[in-house]
Amino acid sequence: MLNLVNAISIDGGFKLAVCLLLFVKYIETKEKVIFWLSMGWLFFGLHNITELLVTKTNYKFFVFINHILFLLPAAAFFECISNMQKPAVKSFHILSILFGIFAIIISFCGTFILKEWYFASIPTSFINGVGFILCAFYFVKFSKISSTICQKLIFLGLFLNGVHNLDYPFLRPIEWFAPIGFSLGVIFAIIFGIGLIIWTIEVTQKEAEKQKRILQELSILYDIVTTVNQTLNLKKILNSIGKKILEFTGVEIIATLLINEDKSIDFVYHYGLSKKFIKSVKKVLRKGETPFLNKILSSKDVKIIEDWTKEPTILQEAIKRERIKTTVFVPIKSKNKIIGLEAIVSHTSRKFTSAEIRLLVSLGNAVGVVIENSRLYNKLRFINRDLERIVKERTKELDNARKNALKMASEVKEALKKLKKTQKQLIMSERLAVIGRMAAMVSHELKNPLTGIKISTYYLKSKLKGKDKKIITSLENIEKEIERASNIINDILCLSREFTINPSLNNINAVIRDVLASIRQKRMVRNITIKTDLDRSIPNFLIDREKIREVITNLLLNAIEAMPNGGKLLIESKLIKKEVVIKINDTGKGISADKLKRIFEPFFTDKEGGTGLGLTLVKEIIKKHNGKVEVKSKLGKGTTFTIKMPLKN
Amino acid sequence: MEYFIKDSIIDISKQYVLLGIKEGISTKNETNFTKKRKSTSKYKKIRILIIDDEAITRETLATILIERGYEVITANDGYEAIENTQHNTCIDFAIVDIKLPGMNGIETFKILKKRFPKIKGIMITAYSLNSFIQNALDSGALTCIFKPFDVDSIISIIEDMYEKEEKN
C-alpha cells in the first residue's frame with residue numbers, strides 16, 4: 001500500500017542507506033568526494049525524515065529544518081564536484097557555500113514570513129531543482145565516469161530529481177499529481193542512488209587497480225634496483241632492465257642508446273630488433289648523422305612517437321620494414337644530464353598510460369644512475385688495473401734495480417778488489433820500474449869499479465903468490481866479496497828489466513840435479529842431509545833452463561841458509577794432472593806468518609846481507625812460465641816452497 | 001857520491017903509480033895516450049889491443065898481459081884505438097869494451113876488422129844482455145864477456161886460440 005507516509009519513509013530510508021554505504025566507502029578510501037556525496041545523501045534522507053516528524057506543535061521548527069535540509073544536498077554535491085578536480089575547483093566550493101547560506105535564508109523566509117509550508121516550499125524546491133540539474137551536468141563532466149550505465153543513471157537520477165523538484169507548484173492545484181510527484185521523487189532518487197553505488201564500486205575498483213599498478217611499479221623498480229645492485233656489468237644491467245620493461249609494458253622491442261663522453265652515440269642494448277636494422281642504425285650512429293636523435297635528446301623529456309612517417313629520419317624505410325609503430329623515447333638521466341635514451345617500441349599502435357610513462361621515466365633515472373655507477377666502476381677498474389699494472393711494473397723495476405744495485409755493489413766490490421790489487425801491483429811494478437832504472441844505471445857504474453877491483457886483486461894475487469899466506473887469504477876474501485857483490489848486482493839487473501824467457505824442451509829433474517851438484521861442489525852444504533824424490537815420468541817440457549836454474553838455486557840456497565845448524569832438505573818433483581810440481585822442503589827455522597805474506601815483495605828480507613830480490617825473481621820467473629809459487633811455513637819447524645808449472649804453456 | 005867515487009879512483013890510481021903504472025885516469029882532455037910494452041913471453045909478437053874507457057881495468061889488464069909476455073896497445077876509446085894503431089901493420093887480438101864514449105865497441109871492432117882482417121877479439125861489457133852477445137858475435141868477435149870478468153878466462157881464450165894457431 002503506497003500512501004504518502006510510507007513513500008516518504010521508504011525514500012528517506014533508502015537515502016540514509018545510500019548515505020551509510022557512501023560513508024563506509026569514505027572511511028575506506030578517505031576520498032572527500034565520497035564524503036560529500038555521503039553528506040548530501042544524509043541531508044537528503046534527513047529531509048524526508050523531518051517531513052514525517054512534523055506535528056502541529058513543532059510545525060515551524062521542523063518546516064525550517066526541513067527546508068534547510070532540502071537545499072543542503074545540492075550544496076554538498078557542489079562541494080563534491082569541487083573536490084573531484086585536483087586542486088579543488090574554487091567556483092563550486094563558493095557555489096556550495098552560497099547554496100548553504102541561501103538554504104538558511106530561504107528556509108527562514110519561507111517558514112517565518114510566508115507561514116505556509118506549501119508556499120514556502122515553492123522557491124526552495126525550485127532552487128533545489130536548478131541546483132540538481134546543474135549538479136547532474138557537472139557531476140558527469142568532472143567525475144571521469146567510464147561506465148556508460150552508471151554515468152547515465154547518475155545523470156538521469158540527478159537531472160530528473162531536479163526536474164521533479166521543479167514540479168512543486170503543481171502539487172496543490174492538481175490533486176492527482178501529488179502522489180505521482182512524490183513517487184517520481186522516490187524513483188528518481190533510487191535511480192541516482194543506484195548510479196552512485198555502481199560508480200562508487202567502480203571507483204573503488206579503479207583505486208584498487210591503481211594501487212595494484214603502483215605496487216607493480218614499485219616491485220619492478222625494486223626488482224631492477226636489486227638486479228642492478230647485484231652487478232656492475234653494464235650489459236647485464238641493461239639486459240635485466242630491458243626484460244623488466246618488456247614484462248611490464250608488454251612491448252616487443254627495446255633498445256638502449258648511450259652517449260659517450262665524446263658525444264658519440266653507442267647502440268649498447270637491444271631486444272627484438274633484426275640484425276639488418278641494428279646494422280643500419282649503427283652505421284648511421286657511426287656517421288654521426290642523427291638529427292632526429294639529437295632533437296629528442298635536446299628536448300630532455302619523454303617523447304612518444306605514434307606515426308613514424310612524420311619523423312625526419314633517414315631510417316624511414318628500415319623502420320617500416322621492422323614494423324616499428326608506437327615508440328616511447330625515455331631519457332636516461334644522471335645528475336640532470338641526459339646520458340642516453342631508452343626506446344620502448346611496440347609493433348602495434350598502442351597508448352601508453354601516464355602510469356607507464358611515469359614508471360619508464362623513473363626507470364630512465366634509475367638506469368642513468370646505474371650506468372653512471374657502472375661507468376665510474378669501469379673507470380675505477382681501469383684505474384685500478386692501471387694502478388695494479390704500474391705497481392707491478394714498479395715493483396719489478398724496483399726489484400731489478402735492487403738486483404742491479406746488488407750486482408753493481410758486488411761488481412764495485414770486485415772492481416775495488418781488482419783496483420786494490422792492481423794498485424798494489426802498480427806500486428810494486430812502479431817500485432820495480434824505479435829499481436830497474438836505478439839498477440840499470442848503477443849496475444854499469446858498479447860493475448866497472450868491481451872489474452877494476454877484481455882485476456887488481458888478481459894482479460896482486462899473482463904478484464904475492466907464495467909469500468904471506470894471510471895476504472893471499474885476504475885477497476881471496478876480496479875476490480869472494482866481489483863475487484857476492486856481483487851476484488847482487490845481477491839479481492837487481494835481472495829484476496830491473498822486463499826479462500823474457502827463452503823456453504826450450506828441458507828435463508826439469510836434470511836441472512835440479514845440476515843445481516844440487518853445483519851447490520855441493522861449492523861446499524856450501526854442512527850437516528845437511530839432502531834427499532831427492534824426482535818423478536822420472538815428467539816429460540821434457542818448455543822451460544828457460546837458465547832461469548829455472550836460477551829459481552831452484554835461489555830456493556835451495558834459501559833452504560840451506562835457513563838451517564845453519566843442519567837439518568833435512570827434501571826436493572820433490574811430481575806430475576799432477578798435467579802440472580809439474582816441485583817441492584823444496586827444509587827443516588829450518590821457518591818464517592813467521594806476517595813475514596810470510598811479504599816474502600815475495602822486492603827488498604823484503606830477513607837475512608843479513610840479503611837483497612830481498614831472490615824470491616821476487618823466483619816469482620817473476622815462474623810467472624813467466626805461467627806457473628805459480630806457494631809457500632807454507634811453521635816457525636821452528638821448517639818451510640816448504642811449491643812451484644807449479646803447466647806442462648804446456 | 002860522484003865526489004867520493006872520484007876520490008877513490010884517485011886513491012887507486014896512486015896505488016897503480018906505486019905499482020909502476022905511470023898513467024892514471026884518462027880525462028876528456030887526456031886523449032891519444034898509448035902504451036907499448038915488449039912481450040917477454042914465449043908467444044912472440046902477439047899484439048893485443050885493449051880498448052876501455054875504464055883506465056884502471058884497462059891498464060891493470062894491460063900490465064898483467066904484458067907480464068905474461070904479450071905486446072899490448074891500449075886506448076881510451078874507438079877513435080884513439082884507430083889512431084894508436086895507425087902505424088901498426090898487424091893487431092892479433094882485441095879486447096873491446098862495448099860501451100865507449102863516441103863510437104861504440106862493436107863499430108870500433110868492425111873498423112879494426114877492416115884494417116886488420118886477421119884480428120881476433122872479445123867484447124867486454126857491464127851490460128849483461130843477451131842481445132849484446134849476439135851483436136858482438138855478429139861483428140866478428142869470438143865472444144862477449146861480462147864484467148866483472150875473470151882475468152884467467154880471458155887469458156885462457158887467448159892462449160887457446162894461439163895454441164891452436166901454432167898447431168895449425
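Residues are numbered from 1 along each chain as its sequence is written, while chains are lettered from A in the order in which they are written. Because the model is predicted, local features need pLDDT of at least 70 and side-chain atom pairs count only at pLDDT 80 or more, whereas totals for chains, interfaces and linings use all residues; side-chain values use heavy atoms, with hydrogens and water left out.

**Stop 1: chain A**

Of the 649 residues in chain A, 43% are buried. Buried means under 20% relative accessible area, exposed means over 50%, and partly exposed is in between (1.4 Å probe, protein chains only).

Now look at contacts, meaning heavy atoms within 4.5 Å. Among contacts in chain A between residues at least 6 apart in sequence, 69% join residues at least 24 apart.

**Stop 2: where chain A touches chain B**

Show chain B as well. The contact takes 19 residues from chain A and 24 residues from chain B. Select Ile455(A), Tyr458(A) and Tyr459(A): they supply 34% of the area that chain A buries against chain B, more than any other three residues. Between them, the two chains bury about 1,900 Å², 60% of it on carbon and sulfur atoms. Buried area is the accessible area (1.4 Å probe) that two parts lose on being put together, summed over both.

How many salt bridges are counted between chain A and chain B? The count is 2. A salt bridge is a side-chain nitrogen of Lys or Arg within 4 Å of a carboxyl oxygen of Asp or Glu. Select Lys454(A) and Asp150(B), which form a salt bridge with their closest N and O atoms 3.6 Å apart.

Which helix gives the most to the side of chain A that touches chain B? Colour α12 (354–463) and α13 (469–496) of chain A, which each supply at least two residues of that side. α12(A) gives the most, with 13 residues.

**Stop 3: a serine in α13**

Select Ser486(A), in helix α13 of chain A. Is this residue buried or exposed? Ser486(A) counts as buried because its relative accessibility is 9%. Leaving out residues up to four places away in sequence, Ser486(A) touches Leu450(A) and Pro148(B).

**Stop 4: salt bridges within chain A**

Go to Lys461(A) and Glu479(A), whose salt bridge has its closest N and O atoms 2.9 Å apart. This pair links distant parts of the chain, with Lys461(A) in α12 and Glu479(A) in α13, 18 residues apart. Lys461(A) is partly exposed, at a relative accessible area of 24%, and Glu479(A) is also partly exposed, at 22%.

Asp386(A) counts as partly exposed at 39% relative accessibility, as does Arg389(A) at 41%.

Finish at Arg394(A) and Glu397(A), which form a salt bridge with the closest N and O atoms 3.6 Å apart. Over all chains, the structure holds 21 salt bridges.

Notes: Helix = DSSP H or I, 4+ residues; strand = E, 2+ residues; numbered from the N terminus.
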